[in-house]
Amino acid sequence: MAKTKETLRSARWFAPDDLRSFGHRSRMMQMGYDPEDWAGRPVIAIINTWSDAQPCHAHFKQRVEDVKRGVLQAGGFPMELPALSLSESLVKPTTMLYRNMLAMETEELLRCHPADAAVLMGGCDKTTPGLVLGAISAGLPCIYLPAGPMLRGNYKGEYLGSGSDAWKYWDERRAGNISDKEWVGIEGGIARSYGHCMTMGTASTMTAIAEAMGLTLPGASSIPAADANHIRMSTQVGRRAVEMVWEDLVPSEILTPAAIRNAGVVAMTMGCSTNAIIHLVAMARRAAVDFTMDDLDALGRTTPVLANVRPSGAKYLMEDFYYAGGIRALMASLGDKLDLTAKTVAGITLGEGLEGAEVINDDVIRPMSNPVYPEGALAVLKGNLAPNGCVIKPSACAPHLQVHEGRAIVFDSYPEMKKAVDDPDLDVTESDILVLRNAGPQGGPGMPEWGMLPIPTKLVKKGVRDMLRISDARMSGTSYGACILHVAPESHIGGPLAFLKTGDIIRVDVPSRSIDMLVDEDELARRRAAWVAPKPYYGRGYGHIFAKHVKQADEGCDFDFLETKFGEPVPEPDIF
(Lines give C-alpha, C1' and ligand atoms only; values in the text may rest on other atoms or scores of the structure.)
Protein backbone atom coordinates (compact mmCIF):
# COMPACT_ATOMS: atom_id res chain seq x y z
CA MET A 1 0.00 0.00 0.00
CA ALA A 2 1.35 3.42 -0.95
CA LYS A 3 2.64 5.54 1.92
CA THR A 4 1.39 8.97 2.95
CA LYS A 5 3.11 11.55 5.13
CA GLU A 6 0.99 10.39 8.04
CA THR A 7 1.89 6.71 7.63
CA LEU A 8 5.66 7.17 7.30
CA ARG A 9 7.47 4.95 9.77
CA SER A 10 9.60 7.92 10.86
CA ALA A 11 6.43 9.80 11.82
CA ARG A 12 6.20 7.51 14.88
CA TRP A 13 9.30 9.29 16.17
CA PHE A 14 8.64 12.87 15.05
CA ALA A 15 4.92 13.52 14.57
CA PRO A 16 3.15 12.94 17.94
CA ASP A 17 2.50 15.85 20.27
CA ASP A 18 4.01 14.21 23.35
CA LEU A 19 7.07 14.53 25.56
CA ARG A 20 9.01 11.69 23.92
CA SER A 21 8.62 13.14 20.42
CA PHE A 22 9.53 16.54 21.81
CA GLY A 23 12.84 14.96 22.81
CA HIS A 24 13.35 13.51 19.34
CA ARG A 25 12.65 16.82 17.63
CA SER A 26 14.69 18.92 20.01
CA ARG A 27 17.73 16.71 19.56
CA MET A 28 17.41 16.98 15.80
CA MET A 29 17.35 20.75 16.22
CA GLN A 30 20.43 20.40 18.43
CA MET A 31 22.26 19.24 15.29
CA GLY A 32 21.13 22.33 13.39
CA TYR A 33 18.12 20.90 11.56
CA ASP A 34 14.75 22.64 11.24
CA PRO A 35 11.43 20.77 11.33
CA GLU A 36 11.20 21.52 7.61
CA ASP A 37 14.15 19.17 7.10
CA TRP A 38 12.32 16.08 8.34
CA ALA A 39 8.63 16.78 8.82
CA GLY A 40 6.58 14.78 6.33
CA ARG A 41 9.71 13.66 4.51
CA PRO A 42 10.92 10.05 4.19
CA VAL A 43 13.98 9.43 6.33
CA ILE A 44 16.52 7.47 4.31
CA ALA A 45 19.06 5.53 6.37
CA ILE A 46 22.35 5.30 4.49
CA ILE A 47 24.25 2.29 5.83
CA ASN A 48 27.84 3.23 5.01
CA THR A 49 30.63 0.65 5.33
CA TRP A 50 33.42 3.19 4.84
CA SER A 51 36.46 3.05 7.14
CA ASP A 52 40.13 3.98 7.14
CA ALA A 53 40.88 0.25 7.04
CA GLN A 54 38.78 -0.43 3.91
CA PRO A 55 40.62 0.35 0.63
CA CYS A 56 37.74 -1.01 -1.46
CA HIS A 57 35.41 1.63 0.00
CA ALA A 58 37.80 4.57 0.24
CA HIS A 59 35.53 6.62 -2.05
CA PHE A 60 32.46 6.07 0.13
CA LYS A 61 33.40 9.14 2.16
CA GLN A 62 32.43 11.13 -0.93
CA ARG A 63 29.80 8.81 -2.37
CA VAL A 64 27.67 9.12 0.74
CA GLU A 65 27.48 12.84 0.01
CA ASP A 66 26.39 12.02 -3.54
CA VAL A 67 23.64 9.77 -2.17
CA LYS A 68 22.53 12.48 0.25
CA ARG A 69 22.27 14.92 -2.65
CA GLY A 70 19.91 12.57 -4.42
CA VAL A 71 17.81 12.04 -1.29
CA LEU A 72 17.45 15.79 -0.82
CA GLN A 73 16.60 16.29 -4.50
CA ALA A 74 13.71 13.85 -4.14
CA GLY A 75 12.39 15.47 -0.97
CA GLY A 76 13.77 13.00 1.56
CA PHE A 77 15.90 13.40 4.67
CA PRO A 78 19.24 11.50 4.60
CA MET A 79 20.61 9.92 7.77
CA GLU A 80 24.06 8.32 7.51
CA LEU A 81 24.56 5.31 9.80
CA PRO A 82 28.12 3.90 9.77
CA ALA A 83 28.40 0.11 9.92
CA LEU A 84 31.07 -2.55 10.21
CA SER A 85 33.47 -2.22 7.28
CA LEU A 86 34.77 -5.79 6.84
CA SER A 87 37.96 -5.04 4.94
CA GLU A 88 38.84 -8.29 3.17
CA SER A 89 42.54 -7.50 3.08
CA LEU A 90 43.01 -6.42 6.72
CA VAL A 91 40.41 -8.11 8.96
CA LYS A 92 41.69 -11.31 10.63
CA PRO A 93 41.27 -14.20 10.96
CA THR A 94 38.65 -13.76 8.24
CA THR A 95 35.81 -11.41 7.32
CA MET A 96 33.54 -14.45 7.07
CA LEU A 97 33.63 -14.62 10.86
CA TYR A 98 31.96 -11.20 10.91
CA ARG A 99 29.55 -11.33 7.95
CA ASN A 100 26.74 -12.26 10.30
CA MET A 101 27.75 -9.49 12.69
CA LEU A 102 27.27 -6.96 9.87
CA ALA A 103 23.93 -8.59 9.06
CA MET A 104 22.81 -8.24 12.67
CA GLU A 105 24.05 -4.67 12.84
CA THR A 106 22.26 -3.71 9.62
CA GLU A 107 18.98 -5.24 10.75
CA GLU A 108 19.10 -3.55 14.14
CA LEU A 109 20.28 -0.19 12.83
CA LEU A 110 17.26 -0.07 10.56
CA ARG A 111 14.86 -1.33 13.20
CA CYS A 112 15.87 0.99 16.04
CA HIS A 113 16.25 4.24 14.06
CA PRO A 114 13.48 6.38 12.51
CA ALA A 115 14.18 5.03 9.03
CA ASP A 116 11.64 4.70 6.23
CA ALA A 117 14.06 3.09 3.75
CA ALA A 118 17.71 2.23 3.39
CA VAL A 119 20.55 2.72 0.97
CA LEU A 120 23.07 -0.10 1.48
CA MET A 121 26.62 0.95 0.60
CA GLY A 122 28.90 -2.04 0.12
CA GLY A 123 31.01 -3.94 -2.36
CA CYS A 124 33.95 -5.65 -0.67
CA ASP A 125 33.30 -9.37 -0.42
CA LYS A 126 31.21 -9.88 2.73
CA THR A 127 29.61 -6.44 2.78
CA THR A 128 27.11 -7.26 0.03
CA PRO A 129 25.67 -10.40 1.67
CA GLY A 130 25.97 -8.93 5.17
CA LEU A 131 24.02 -5.80 4.26
CA VAL A 132 21.44 -7.66 2.19
CA LEU A 133 20.85 -10.33 4.86
CA GLY A 134 20.18 -7.65 7.47
CA ALA A 135 17.99 -5.57 5.17
CA ILE A 136 15.86 -8.60 4.27
CA SER A 137 15.14 -9.22 7.93
CA ALA A 138 14.48 -5.56 8.68
CA GLY A 139 11.90 -5.50 5.90
CA LEU A 140 12.14 -1.80 4.97
CA PRO A 141 12.44 -0.62 1.36
CA CYS A 142 16.12 -0.92 0.48
CA ILE A 143 18.38 -0.33 -2.50
CA TYR A 144 21.96 -1.50 -2.89
CA LEU A 145 24.79 0.80 -3.98
CA PRO A 146 27.77 -1.27 -5.26
CA ALA A 147 31.25 0.15 -4.62
CA GLY A 148 32.36 -0.73 -8.14
CA PRO A 149 35.55 -2.47 -9.28
CA MET A 150 38.90 -0.68 -9.16
CA LEU A 151 40.78 0.17 -12.34
CA ARG A 152 42.88 -2.48 -14.09
CA GLY A 153 46.24 -3.11 -12.48
CA ASN A 154 49.32 -2.36 -14.56
CA TYR A 155 53.00 -3.28 -14.40
CA LYS A 156 55.33 -2.58 -17.32
CA GLY A 157 52.35 -2.31 -19.68
CA GLU A 158 50.82 -5.62 -18.62
CA TYR A 159 47.34 -5.63 -17.10
CA LEU A 160 47.30 -7.11 -13.60
CA GLY A 161 44.26 -8.64 -11.92
CA SER A 162 43.89 -8.24 -8.15
CA GLY A 163 44.25 -11.53 -6.36
CA SER A 164 44.56 -13.71 -9.46
CA ASP A 165 47.92 -12.28 -10.49
CA ALA A 166 49.08 -12.17 -6.88
CA TRP A 167 48.79 -15.97 -6.70
CA LYS A 168 50.29 -16.35 -10.17
CA TYR A 169 53.36 -14.20 -9.59
CA TRP A 170 53.91 -15.48 -6.07
CA ASP A 171 54.42 -18.95 -7.53
CA GLU A 172 56.87 -17.47 -10.03
CA ARG A 173 58.72 -15.74 -7.21
CA ARG A 174 58.86 -18.97 -5.22
CA ALA A 175 60.26 -20.62 -8.33
CA GLY A 176 62.99 -17.95 -8.46
CA ASN A 177 61.72 -16.31 -11.66
CA ILE A 178 60.95 -12.83 -10.22
CA SER A 179 63.41 -10.47 -8.52
CA ASP A 180 62.74 -8.46 -5.35
CA LYS A 181 62.61 -5.25 -7.40
CA GLU A 182 60.07 -6.71 -9.82
CA TRP A 183 57.99 -7.97 -6.89
CA VAL A 184 57.80 -4.45 -5.39
CA GLY A 185 56.76 -3.12 -8.81
CA ILE A 186 53.93 -5.65 -8.98
CA GLU A 187 52.85 -4.71 -5.44
CA GLY A 188 52.56 -1.07 -6.47
CA GLY A 189 50.76 -1.75 -9.74
CA ILE A 190 48.22 -4.42 -8.92
CA ALA A 191 45.71 -2.16 -7.09
CA ARG A 192 45.76 1.35 -8.61
CA SER A 193 42.53 2.96 -7.42
CA TYR A 194 39.79 2.74 -4.86
CA GLY A 195 37.14 0.11 -5.54
CA HIS A 196 36.91 -3.64 -4.97
CA CYS A 197 38.78 -6.38 -6.87
CA MET A 198 38.51 -5.97 -10.63
CA THR A 199 38.73 -9.70 -11.28
CA MET A 200 35.60 -11.87 -11.12
CA GLY A 201 36.26 -12.51 -7.43
CA THR A 202 33.73 -12.55 -4.64
CA ALA A 203 33.19 -8.77 -4.69
CA SER A 204 32.24 -8.53 -8.37
CA THR A 205 30.30 -11.78 -8.09
CA MET A 206 28.19 -10.58 -5.18
CA THR A 207 27.43 -7.14 -6.61
CA ALA A 208 26.35 -8.86 -9.85
CA ILE A 209 24.15 -11.20 -7.83
CA ALA A 210 22.61 -8.21 -6.04
CA GLU A 211 21.78 -6.67 -9.42
CA ALA A 212 20.40 -9.92 -10.83
CA MET A 213 18.15 -10.22 -7.77
CA GLY A 214 16.77 -6.77 -8.55
CA LEU A 215 18.38 -4.87 -5.67
CA THR A 216 20.33 -2.27 -7.70
CA LEU A 217 19.62 0.21 -10.44
CA PRO A 218 20.10 -1.28 -13.93
CA GLY A 219 23.80 -1.65 -14.76
CA ALA A 220 24.99 -0.33 -11.40
CA SER A 221 27.20 -3.29 -10.48
CA SER A 222 29.48 -2.97 -13.53
CA ILE A 223 30.47 0.71 -13.20
CA PRO A 224 34.13 1.14 -12.19
CA ALA A 225 34.51 2.92 -8.87
CA ALA A 226 36.64 5.71 -10.36
CA ASP A 227 34.25 6.43 -13.26
CA ALA A 228 32.12 9.61 -13.13
CA ASN A 229 29.11 7.44 -13.94
CA HIS A 230 29.51 5.96 -10.46
CA ILE A 231 28.95 9.39 -8.92
CA ARG A 232 25.82 9.92 -10.99
CA MET A 233 24.55 6.44 -10.15
CA SER A 234 25.02 7.18 -6.43
CA THR A 235 22.86 10.29 -6.67
CA GLN A 236 20.24 8.36 -8.63
CA VAL A 237 20.20 5.75 -5.86
CA GLY A 238 19.42 8.47 -3.32
CA ARG A 239 16.52 9.76 -5.41
CA ARG A 240 15.15 6.28 -6.02
CA ALA A 241 15.27 5.39 -2.31
CA VAL A 242 12.81 8.19 -1.58
CA GLU A 243 10.46 7.03 -4.34
CA MET A 244 10.56 3.48 -2.97
CA VAL A 245 9.20 4.73 0.37
CA TRP A 246 6.09 6.23 -1.22
CA GLU A 247 5.62 3.00 -3.24
CA ASP A 248 6.28 0.86 -0.14
CA LEU A 249 8.46 -1.40 -2.29
CA VAL A 250 9.91 -3.82 0.28
CA PRO A 251 12.41 -6.70 -0.12
CA SER A 252 9.75 -9.40 0.04
CA GLU A 253 8.29 -8.09 -3.23
CA ILE A 254 11.70 -8.23 -4.91
CA LEU A 255 13.34 -11.38 -3.54
CA THR A 256 11.03 -14.01 -4.99
CA PRO A 257 12.02 -17.52 -6.11
CA ALA A 258 12.38 -16.11 -9.65
CA ALA A 259 14.79 -13.41 -8.43
CA ILE A 260 16.93 -15.92 -6.55
CA ARG A 261 17.02 -18.21 -9.56
CA ASN A 262 18.00 -15.26 -11.80
CA ALA A 263 20.87 -14.55 -9.41
CA GLY A 264 22.04 -18.16 -9.66
CA VAL A 265 21.99 -18.08 -13.47
CA VAL A 266 23.91 -14.79 -13.61
CA ALA A 267 26.46 -16.04 -11.08
CA MET A 268 27.13 -19.10 -13.19
CA THR A 269 27.46 -17.24 -16.47
CA MET A 270 29.77 -14.64 -14.85
CA GLY A 271 32.30 -17.31 -13.86
CA CYS A 272 31.50 -16.60 -10.24
CA SER A 273 33.47 -16.99 -7.05
CA THR A 274 33.01 -20.23 -5.13
CA ASN A 275 31.95 -18.04 -2.19
CA ALA A 276 28.79 -17.14 -4.09
CA ILE A 277 27.24 -20.47 -3.24
CA ILE A 278 27.35 -19.82 0.51
CA HIS A 279 26.06 -16.26 0.33
CA LEU A 280 23.30 -16.94 -2.19
CA VAL A 281 21.97 -19.87 -0.16
CA ALA A 282 22.03 -17.70 2.98
CA MET A 283 20.19 -14.82 1.30
CA ALA A 284 17.58 -17.18 -0.15
CA ARG A 285 16.92 -18.70 3.27
CA ARG A 286 16.54 -15.21 4.79
CA ALA A 287 14.00 -14.44 2.08
CA ALA A 288 12.17 -17.72 2.86
CA VAL A 289 12.99 -19.06 -0.61
CA ASP A 290 13.85 -22.74 -0.92
CA PHE A 291 17.17 -22.69 -2.79
CA THR A 292 20.04 -25.12 -2.19
CA MET A 293 23.52 -25.98 -3.42
CA ASP A 294 21.93 -28.65 -5.60
CA ASP A 295 19.71 -26.05 -7.25
CA LEU A 296 22.75 -23.94 -8.11
CA ASP A 297 24.57 -27.00 -9.45
CA ALA A 298 21.57 -27.81 -11.65
CA LEU A 299 21.60 -24.26 -13.07
CA GLY A 300 25.29 -24.68 -13.82
CA ARG A 301 24.62 -27.75 -15.93
CA THR A 302 22.70 -25.64 -18.44
CA THR A 303 24.34 -22.21 -18.10
CA PRO A 304 27.61 -21.53 -19.96
CA VAL A 305 30.23 -19.07 -18.73
CA LEU A 306 30.00 -16.07 -21.08
CA ALA A 307 32.01 -13.45 -19.15
CA ASN A 308 35.61 -13.77 -20.32
CA VAL A 309 36.96 -12.24 -17.11
CA ARG A 310 39.78 -13.60 -14.97
CA PRO A 311 40.15 -16.02 -13.29
CA SER A 312 37.78 -18.13 -15.45
CA GLY A 313 38.75 -16.06 -18.48
CA ALA A 314 42.33 -15.69 -19.60
CA LYS A 315 42.67 -12.00 -20.40
CA TYR A 316 40.07 -9.44 -19.40
CA LEU A 317 39.10 -7.62 -16.20
CA MET A 318 35.98 -5.86 -14.92
CA GLU A 319 36.90 -2.55 -16.53
CA ASP A 320 36.93 -4.33 -19.90
CA PHE A 321 33.62 -5.98 -18.99
CA TYR A 322 32.03 -2.57 -18.38
CA TYR A 323 33.29 -1.18 -21.70
CA ALA A 324 31.98 -4.31 -23.44
CA GLY A 325 28.42 -3.58 -22.32
CA GLY A 326 28.50 -4.64 -18.68
CA ILE A 327 26.08 -6.82 -16.82
CA ARG A 328 23.03 -5.52 -18.71
CA ALA A 329 24.54 -6.78 -21.97
CA LEU A 330 25.45 -10.10 -20.38
CA MET A 331 21.95 -10.63 -18.96
CA ALA A 332 20.38 -9.64 -22.28
CA SER A 333 22.50 -12.37 -23.91
CA LEU A 334 20.94 -15.01 -21.66
CA GLY A 335 17.50 -14.70 -23.22
CA ASP A 336 14.91 -17.03 -21.74
CA LYS A 337 17.32 -18.38 -19.12
CA LEU A 338 16.19 -15.42 -16.98
CA ASP A 339 12.73 -14.55 -15.70
CA LEU A 340 12.47 -11.06 -17.14
CA THR A 341 9.19 -10.36 -15.35
CA ALA A 342 10.92 -10.19 -11.96
CA LYS A 343 10.52 -6.88 -10.13
CA THR A 344 13.49 -4.63 -9.35
CA VAL A 345 14.07 -1.74 -6.97
CA ALA A 346 14.04 0.57 -10.01
CA GLY A 347 10.28 0.14 -10.15
CA ILE A 348 10.48 -1.74 -13.44
CA THR A 349 10.94 -5.37 -14.36
CA LEU A 350 14.31 -6.95 -14.99
CA GLY A 351 13.45 -7.16 -18.68
CA GLU A 352 12.54 -3.48 -18.90
CA GLY A 353 15.89 -2.65 -17.33
CA LEU A 354 17.68 -4.57 -20.09
CA GLU A 355 16.02 -2.76 -22.99
CA GLY A 356 18.62 -1.33 -25.35
CA ALA A 357 21.49 -3.33 -23.86
CA GLU A 358 24.04 -4.53 -26.40
CA VAL A 359 27.36 -6.34 -26.42
CA ILE A 360 30.13 -4.04 -27.64
CA ASN A 361 32.95 -6.60 -27.55
CA ASP A 362 31.95 -10.23 -28.06
CA ASP A 363 35.32 -11.53 -26.92
CA VAL A 364 34.75 -10.09 -23.45
CA ILE A 365 31.05 -11.02 -23.30
CA ARG A 366 30.86 -14.16 -25.38
CA PRO A 367 27.80 -15.33 -27.33
CA MET A 368 26.13 -18.63 -26.46
CA SER A 369 27.78 -20.15 -29.52
CA ASN A 370 31.29 -19.39 -28.24
CA PRO A 371 31.32 -19.67 -24.43
CA VAL A 372 34.37 -19.41 -22.20
CA TYR A 373 33.26 -22.67 -20.60
CA PRO A 374 30.33 -24.83 -21.74
CA GLU A 375 28.80 -25.24 -18.29
CA GLY A 376 28.47 -22.94 -15.27
CA ALA A 377 31.35 -21.85 -13.12
CA LEU A 378 30.66 -24.08 -10.11
CA ALA A 379 29.94 -27.73 -9.51
CA VAL A 380 28.72 -29.40 -6.31
CA LEU A 381 30.25 -32.78 -5.48
CA LYS A 382 28.95 -35.31 -2.97
CA GLY A 383 30.16 -38.64 -1.61
CA ASN A 384 31.43 -40.28 1.54
CA LEU A 385 34.02 -37.52 2.01
CA ALA A 386 31.39 -34.75 1.73
CA PRO A 387 27.89 -36.16 2.36
CA ASN A 388 26.32 -32.69 2.40
CA GLY A 389 28.39 -31.42 -0.50
CA CYS A 390 31.46 -29.45 -1.46
CA VAL A 391 32.21 -27.10 -4.34
CA ILE A 392 34.77 -26.81 -7.15
CA LYS A 393 35.20 -24.21 -9.89
CA PRO A 394 35.77 -26.34 -13.02
CA SER A 395 36.02 -23.29 -15.26
CA ALA A 396 39.22 -22.21 -13.49
CA CYS A 397 41.10 -25.49 -13.01
CA ALA A 398 43.15 -27.82 -15.20
CA PRO A 399 40.79 -30.09 -17.21
CA HIS A 400 42.83 -33.25 -16.61
CA LEU A 401 42.19 -32.98 -12.85
CA GLN A 402 38.41 -33.11 -13.12
CA VAL A 403 38.51 -36.90 -13.09
CA HIS A 404 41.33 -37.98 -10.82
CA GLU A 405 42.35 -40.55 -8.24
CA GLY A 406 45.25 -39.79 -5.92
CA ARG A 407 46.91 -40.26 -2.56
CA ALA A 408 45.83 -37.89 0.23
CA ILE A 409 48.41 -35.81 2.05
CA VAL A 410 46.57 -34.51 5.11
CA PHE A 411 47.30 -31.41 7.19
CA ASP A 412 45.51 -30.62 10.45
CA SER A 413 46.36 -26.91 10.52
CA TYR A 414 47.46 -24.09 8.26
CA PRO A 415 50.89 -23.68 9.96
CA GLU A 416 51.53 -27.41 9.52
CA MET A 417 50.61 -27.18 5.84
CA LYS A 418 52.61 -23.99 5.25
CA LYS A 419 55.76 -25.51 6.75
CA ALA A 420 55.37 -28.75 4.80
CA VAL A 421 54.86 -27.23 1.34
CA ASP A 422 58.18 -25.39 1.61
CA ASP A 423 60.03 -28.55 2.69
CA PRO A 424 62.25 -29.72 -0.19
CA ASP A 425 62.04 -33.26 1.19
CA LEU A 426 58.24 -33.42 1.33
CA ASP A 427 57.01 -36.74 -0.03
CA VAL A 428 54.67 -35.42 -2.71
CA THR A 429 54.00 -35.76 -6.43
CA GLU A 430 51.70 -33.78 -8.70
CA SER A 431 49.24 -36.69 -8.75
CA ASP A 432 48.76 -36.51 -4.95
CA ILE A 433 45.89 -34.61 -3.34
CA LEU A 434 46.66 -32.02 -0.66
CA VAL A 435 44.07 -31.85 2.14
CA LEU A 436 43.64 -29.16 4.80
CA ARG A 437 41.06 -29.70 7.53
CA ASN A 438 39.92 -27.92 10.70
CA ALA A 439 39.32 -24.81 8.61
CA GLY A 440 35.53 -24.75 8.31
CA PRO A 441 32.93 -22.44 9.88
CA GLN A 442 33.74 -23.57 13.43
CA GLY A 443 37.21 -25.00 12.90
CA GLY A 444 38.84 -22.01 11.18
CA PRO A 445 37.26 -20.31 13.01
CA GLY A 446 35.02 -18.54 10.52
CA MET A 447 35.95 -20.60 7.46
CA PRO A 448 38.97 -18.56 6.26
CA GLU A 449 40.17 -18.34 2.66
CA TRP A 450 42.83 -21.01 3.14
CA GLY A 451 41.50 -23.49 0.58
CA MET A 452 43.77 -22.41 -2.29
CA LEU A 453 46.59 -24.46 -0.78
CA PRO A 454 49.96 -23.51 -2.31
CA ILE A 455 51.58 -25.98 -4.65
CA PRO A 456 54.62 -27.47 -2.83
CA THR A 457 57.76 -25.53 -3.70
CA LYS A 458 59.57 -28.60 -5.01
CA LEU A 459 56.77 -29.08 -7.57
CA VAL A 460 56.58 -25.37 -8.44
CA LYS A 461 60.26 -25.48 -9.36
CA LYS A 462 59.48 -28.38 -11.68
CA GLY A 463 56.83 -26.33 -13.47
CA VAL A 464 53.71 -27.72 -11.76
CA ARG A 465 51.02 -25.04 -11.49
CA ASP A 466 47.92 -27.02 -10.54
CA MET A 467 47.04 -30.10 -8.52
CA LEU A 468 43.99 -31.28 -6.59
CA ARG A 469 43.45 -29.70 -3.19
CA ILE A 470 40.60 -30.36 -0.75
CA SER A 471 39.50 -28.39 2.31
CA ASP A 472 36.57 -27.43 4.50
CA ALA A 473 37.83 -23.85 4.13
CA ARG A 474 36.90 -21.31 1.45
CA MET A 475 39.23 -19.72 -1.08
CA SER A 476 39.49 -16.22 -2.50
CA GLY A 477 37.14 -15.67 -5.40
CA THR A 478 40.09 -14.23 -7.29
CA SER A 479 41.94 -17.53 -7.02
CA TYR A 480 41.93 -20.45 -9.41
CA GLY A 481 43.02 -24.06 -9.66
CA ALA A 482 41.66 -27.52 -8.82
CA CYS A 483 40.51 -26.60 -5.31
CA ILE A 484 37.61 -28.50 -3.74
CA LEU A 485 36.15 -26.41 -0.94
CA HIS A 486 33.40 -26.06 1.68
CA VAL A 487 33.46 -29.78 2.54
CA ALA A 488 30.34 -30.35 4.65
CA PRO A 489 29.98 -31.32 7.36
CA GLU A 490 33.32 -29.82 8.39
CA SER A 491 35.97 -31.87 10.17
CA HIS A 492 35.77 -29.81 13.39
CA ILE A 493 32.32 -31.22 14.19
CA GLY A 494 33.12 -34.77 13.13
CA GLY A 495 32.46 -34.69 9.41
CA PRO A 496 34.10 -37.52 7.41
CA LEU A 497 37.05 -35.27 6.52
CA ALA A 498 38.12 -35.68 10.15
CA PHE A 499 38.71 -39.42 9.58
CA LEU A 500 40.86 -39.15 6.45
CA LYS A 501 44.52 -40.19 6.79
CA THR A 502 47.61 -39.48 4.74
CA GLY A 503 47.98 -42.32 2.24
CA ASP A 504 44.25 -42.87 1.76
CA ILE A 505 43.11 -42.79 -1.85
CA ILE A 506 40.58 -40.18 -2.91
CA ARG A 507 38.56 -40.39 -6.11
CA VAL A 508 37.16 -37.20 -7.67
CA ASP A 509 34.82 -37.16 -10.67
CA VAL A 510 33.52 -33.68 -11.47
CA PRO A 511 31.31 -34.70 -14.43
CA SER A 512 29.54 -37.26 -12.22
CA ARG A 513 29.62 -34.84 -9.23
CA SER A 514 31.25 -37.37 -6.89
CA ILE A 515 34.02 -37.31 -4.27
CA ASP A 516 34.92 -40.34 -2.20
CA MET A 517 37.70 -41.67 -0.02
CA LEU A 518 38.37 -45.31 -0.87
CA VAL A 519 38.28 -46.54 2.71
CA ASP A 520 35.96 -49.39 3.71
CA GLU A 521 33.10 -48.75 6.09
CA ASP A 522 34.49 -50.91 8.92
CA GLU A 523 37.74 -48.92 8.96
CA LEU A 524 35.83 -45.63 8.86
CA ALA A 525 33.70 -46.82 11.80
CA ARG A 526 36.86 -47.55 13.82
CA ARG A 527 38.30 -44.12 13.03
CA ARG A 528 35.02 -42.44 13.92
CA ALA A 529 34.89 -44.19 17.28
CA ALA A 530 38.46 -43.12 18.07
CA TRP A 531 37.94 -39.47 17.07
CA VAL A 532 38.15 -36.84 19.81
CA ALA A 533 36.38 -33.54 19.23
CA PRO A 534 38.72 -30.52 19.25
CA LYS A 535 38.53 -27.96 22.03
CA PRO A 536 36.30 -24.97 21.16
CA TYR A 537 38.30 -22.06 19.79
CA TYR A 538 36.48 -19.35 21.77
CA GLY A 539 35.47 -19.46 25.42
CA ARG A 540 33.57 -16.17 25.39
CA GLY A 541 32.50 -13.21 23.28
CA TYR A 542 31.24 -13.00 19.73
CA GLY A 543 33.32 -15.98 18.63
CA HIS A 544 31.56 -18.10 21.25
CA ILE A 545 28.18 -17.01 19.85
CA PHE A 546 29.41 -17.74 16.34
CA ALA A 547 30.46 -21.31 17.15
CA LYS A 548 27.20 -22.03 18.96
CA HIS A 549 24.90 -20.81 16.21
CA VAL A 550 26.58 -20.84 12.80
CA LYS A 551 25.11 -23.20 10.19
CA GLN A 552 27.30 -25.37 7.98
CA ALA A 553 28.53 -24.25 4.55
CA ASP A 554 25.82 -26.10 2.62
CA GLU A 555 23.20 -24.09 4.55
CA GLY A 556 24.80 -20.70 4.03
CA CYS A 557 26.72 -20.21 7.32
CA ASP A 558 24.01 -17.93 8.71
CA PHE A 559 23.18 -17.98 12.41
CA ASP A 560 20.29 -20.32 13.13
CA PHE A 561 18.45 -17.65 15.15
CA LEU A 562 18.66 -15.10 12.31
CA GLU A 563 16.98 -17.23 9.69
CA THR A 564 13.45 -16.20 8.75
CA LYS A 565 11.85 -19.43 9.96
CA PHE A 566 13.34 -19.07 13.46
CA GLY A 567 10.73 -17.67 15.84
CA GLU A 568 8.11 -14.99 15.43
CA PRO A 569 8.73 -11.81 13.40
CA VAL A 570 10.35 -9.01 15.39
CA PRO A 571 7.85 -6.22 16.14
CA GLU A 572 8.45 -2.51 15.70
CA PRO A 573 10.22 -0.93 18.68
CA ASP A 574 8.12 0.55 21.45
CA ILE A 575 8.31 4.32 21.78
CA PHE A 576 7.28 5.48 25.23
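Two residues are taken to be in contact when their heavy atoms lie within 4.5 Å. On this basis, in the predicted model described here, A208, E211 and A212 of helix α9 meet I327, R328 and M331 of helix α16. Sorted by class, the contact of α9 with α16 comprises four nonpolar residues, no polar residue and two charged residues. Helix α9 covers residues 202-212 and helix α16 covers residues 326-333; their axes come within 11 Å and cross at roughly 60 degrees. Because of this angle, α9 is oblique to α16. The crossing in which α9 passes α16 is right-handed.

On the side of α5, the contact is made by R99, L102, A103, T106, E107, L110 and R111. On the side of α6, the residues involved are T127, P129, G130, L131, L133, G134, A135, S137 and A138. By class, eight nonpolar, five polar and three charged residues make up the contact of α5 with α6.

R99, A103 and E107 in α5 meet I278, H279, A282 and R286 in α13. This contact of α5 with α13 has three nonpolar residues, one polar residue and three charged residues. R99, A103 and E107 of α5 are also listed among the residues that make the contact with α6.

Turning to the strands, an open sheet is formed by four strands in the order β2-β1-β3-β4, with parallel pairing. At its edges lie β2 (77-82) and β4 (142-146), each of which pairs on one side only. Neighbouring strands of this sheet are turned against each other by 20 degrees on average, direction ignored. Within the sheet, strand β1 (residues 43-48) pairs in the parallel sense with strand β3 (residues 117-122), and five bridges link the two. I46 stands opposite V119 in β3.

An antiparallel arrangement is found for strand β13 (residues 505-509) and strand β14 (residues 514-517), which are joined by four bridges. V508 has I515 in β14 as its bridge partner. The two strands form a hairpin with four residues between them. R513 is found in the loop between β13 and β14. This residue has a positive phi of about 60 degrees although it is not a glycine.

Two cis peptide bonds also occur in loops. One of them joins A488 and P489, with omega about 0 degrees. P489 is found in the loop between β12 (483-488) and β13. The other runs from G444 to P445 and has omega near -5 degrees. P445 is found in the loop between β10 and α19.

The loop between β10 (433-436) and α19 (457-460) also holds W450. A search of the whole structure finds 12 aromatic pairs. Among them is the pair of Y414 and W450, which is tilted, with 5.1 Å centre to centre and 45 degrees between the planes. Y414 lies in helix α18 (residues 414-421) and W450 in the loop, so the pair ties together parts that are 36 residues apart in sequence.

Notes
Residues numbered from 1 in each chain as written. Predicted model: local features only at pLDDT ≥ 70, side-chain atom pairs only at ≥ 80, totals over all residues. Heavy atoms only, no water. Nonpolar A, V, L, I, M, F, W, Y, C, P; charged D, E, K, R; others polar. Pairing = 2+ DSSP bridges. Axes fitted to C-alpha atoms, helices over the stretch in contact; angles between N-to-C directions. Parallel < 35°, antiparallel > 145°, perpendicular 65-115°, else oblique. Left-handed = near helix turned anticlockwise from the far one by under 90°. Phe/Tyr/Trp six-rings, centres within 6.5 Å; stacked < 30°, edge-to-face > 60°.
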